[in-house]
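Colleague: I have this model open and would like to go through it with you. Can we take it piece by piece?

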Amino acid sequence: MPDLLELNDGLFVAITEADLVFKDRFLQGCAACHVPAREISVEHALAVEPFLNPKILAAIQVPDGVFEPFRFCLAFLATAQENGATIRTYSEVTDLLCAGKNVTGVRIRDQHTGKQEALKVDLVVNAAGPWAGEIAAKAGVGVPEIPTAGVMVALDCRLNNLVLNRLNKPSDGDIIVPQRATSVIGTTSWAVENPDLITIPPEHVDRMITQGQQLIPAVKKVPMRAKMAVARPLIARSGIAARELSRTFECFDHERDGTNGFVTITGGKTTTARAMAEKVSDMVCRKLDISAECRTRDTPLCSYRLFFQQRGSRNQSFVGAPGDRSSGRECFR
Amino acid sequence: MNMLKVPLQIFRYKPGQTPGYDTFTVEIPATAHVIDAIDAVWTSHDHSLAFRRACHHSSCGSCAIRINGLEKLPCVTRVTDVWDGRSQVRLDPLRNFPIVSDLVVDMADFFRRMSAADMAMICEAEAFLPFTVDTFAVADLEPKLVELPENFSRFTRFEKCIECGICMSACPTMAADEKFLGPAGLAAIHQARKKTLDPVKVEHLLGLADGEHGVWRCHSAFECTEACPQAVDPAGKIMALRRELIARRFLKMLGK
């Protein structure tokens, strides 16, 4: 997927003595995970990142990169389509079809046509992200998932080339991700009831700007381009607050809840998306008595552009461009 | 939190039905962007409203629409920049695309054009910071040269173009020639041509640009460059392709 990644590495920087204390633990953790992290001089770090806080005490370079989430998803979907999958966008699951304790399909509503449709299937995989709990509830089962929102602030210019992280345990505003012509400061973390209704707390935006300045003081000089908050599906652990929850993933066979034909995959991060798909596919194969090896690790993804091209003829219904009575440019045309 | 009650007039169309406009009034923070207002309609008023969005910071290009008649990305357009405090804010789908439903247009032909150019989304990066779409927008920050990290021979960066389709909607030629490669397609050809010295690829790309639906169709209105949210300057790229094609013709006439 080389066309969808800015691979410019990352830096973890220590700003306080407490960060510095964390350094050895961080390096040991990287070594244990076979991540080739190496300390570089403060002078070199500042030459690489001239807007970095000049008071940093240490810098560690790690392999890292930035991807385009939307195009990344499209590349997966285009590849699935190329291999026979049908992708029903704008189709909301309104209910699960059940026969006794078995889930036998889904009822969907096409947002373009308003039509309801029942799809009968051998097995339903619930991969609804932060909505996984809502979908599972339709089958009368629970998923230990907490939709957890985080605020991100995008700046109106790019101030760093590498992904910059605070050298410490995860906390609010401890990362600045550069992408194309922007730098994005992230993130906060709080549990939300409804992933569709997330109100961005103004103080979270302020916190991003304040914390971001610790890494790059020039953050305060740059206009904000956008602010956003989306919910992540985190696996709940008793006694652990939303901020501390790990980004691990889990696959649940709801046969354990007495419900057949229904599997949930949730948690995780985009970086583990393929591994998640492999795990749930293996489970599906097991349940359907299919003997097959997962091949996605070695399968190159199709171009994301194919996603739309493959679907072009399905929904077309040209009604012409609506008029622009008040637009000066329209009059010119 | 200072809240606004903003009236929206949204284009509606569902297959088989007559197109028209619906009006909604949404209550949103004064700092909200237009995409937040559309979200509020979807969550609080009408769940059947179809629209596209993903990144919320002008990276994916998926949310492009027309706001009060002008092409914009609602994710980075503040409501207060397009609302006069009284009138309805009108939202329409992009022009020159088949409409699927409401604010959603069919991007298939657009991406066929982009695939024809085969522009890689990744390019080599300029070795300075800050880097911005419009460097003059950033006050008090002098560009500084950047040293490469160890084990790097270059930085990489995504192309400026986010394939939002705004330039195709703003282009007056698109309405006259539905096979016109369009500003985005021709700008992509220009970028792809810049990245290759392979004579076969160069011939292919310049052949596309020189074809019946290529650069000579452009009326030089520069609407694309004015509308582009990423400062790609598609019109400038079209003019550059024209210059190269003319130069090649002269050289050919001279037998070189």
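Colleague: Which domains does the assignment give for chain A?
Modeller: Domain 1 of chain A covers 2–67 + 146–235 and domain 2 covers 70–144 + 244–310. The bounds come from an automatic or database domain assignment. This is a predicted model, where local features need pLDDT of at least 70 and side-chain atom pairs count only at pLDDT 80 or more, while totals for chains, interfaces and linings use all residues. Residues are numbered from 1 along each chain as its sequence is written, and chains are lettered from A and ligands numbered from 1 in the order in which they are written.

Colleague: How far apart are the C-alpha centres of the two domains of chain A?
Modeller: The C-alpha centres of domain 1 and domain 2 of chain A are 31 Å apart. Their contact takes 11 residues from domain 1 of chain A and 13 residues from domain 2 of chain A. Two residues are in contact if their C-beta atoms, placed from the backbone, lie within 7 Å.

Colleague: Which element gives the most to the domain 1 side of that contact in chain A?
Modeller: That is β15(A), with five residues. Both β10 (145–155) and β15 of chain A give two or more residues to this side. Helices (H or I, at least four residues) and strands (E, at least two) are DSSP runs, numbered from the N terminus.

Colleague: And how do the residues on that domain 1 side of chain A divide?
Modeller: They divide into nine nonpolar, one polar and one charged. Ala, Val, Leu, Ile, Met, Phe, Trp, Tyr, Cys and Pro count as nonpolar, Asp, Glu, Lys and Arg as charged, and the others, Gly among them, as polar.

Colleague: Now the two chains. How many residues does the contact take from chain A and from chain B?
Modeller: It takes 61 residues from chain A and 63 residues from chain B. On the side of chain A that touches chain B, α7(A) gives the most, with four residues. That side of chain A has 28 nonpolar, 17 polar and 16 charged residues.

Colleague: On to chain B. How many helices and strands does chain B have?
Modeller: Chain B has eight helices and 11 strands. Its C-alpha trace spans about 65 × 50 × 30 Å along the principal axes. Of the 256 residues of chain B, 48% count as buried, where buried is 20 or more other C-beta atoms within 10 Å of a residue's own, exposed is 12 or fewer, and partly exposed is in between, with C-beta atoms placed from the backbone.

Colleague: Which order do the strands of the five-stranded open sheet in chain B have?
Modeller: The order is β2-β1-β5-β3-β4 (chain B), with mixed pairing. Two strands pair if DSSP finds at least two bridges between them. The edge strands, β2 (20–29) and β4 (70–72) of chain B, each pair on one side only. Strands β3 (residues 65–67) and β5 (residues 89–92) of chain B run antiparallel and are joined by two bridges. B:Ile67 stands opposite B:Leu91 in β5(B).

Colleague: Which helix packs on that sheet?
Modeller: Helix α1 (residues 34–44) of chain B does, touching β1 (3–12), β2 and β3 of chain B. Among the buried residues of α1(B) are B:Val34, B:Ile35 and B:Ile38. What covers the buried residues of α1(B) includes β1, β2, β3 and α2 (79–82) of chain B.

Colleague: Last one. Is B:Leu197 buried or exposed?
Modeller: B:Leu197 counts as exposed because it has 8 C-beta neighbours inside 10 Å. B:Leu197 is in the loop between α5 (182–194) and α6 (199–210) of chain B.

Terms used
Axes fitted to C-alpha atoms, helices over the stretch in contact; angles between N-to-C directions.
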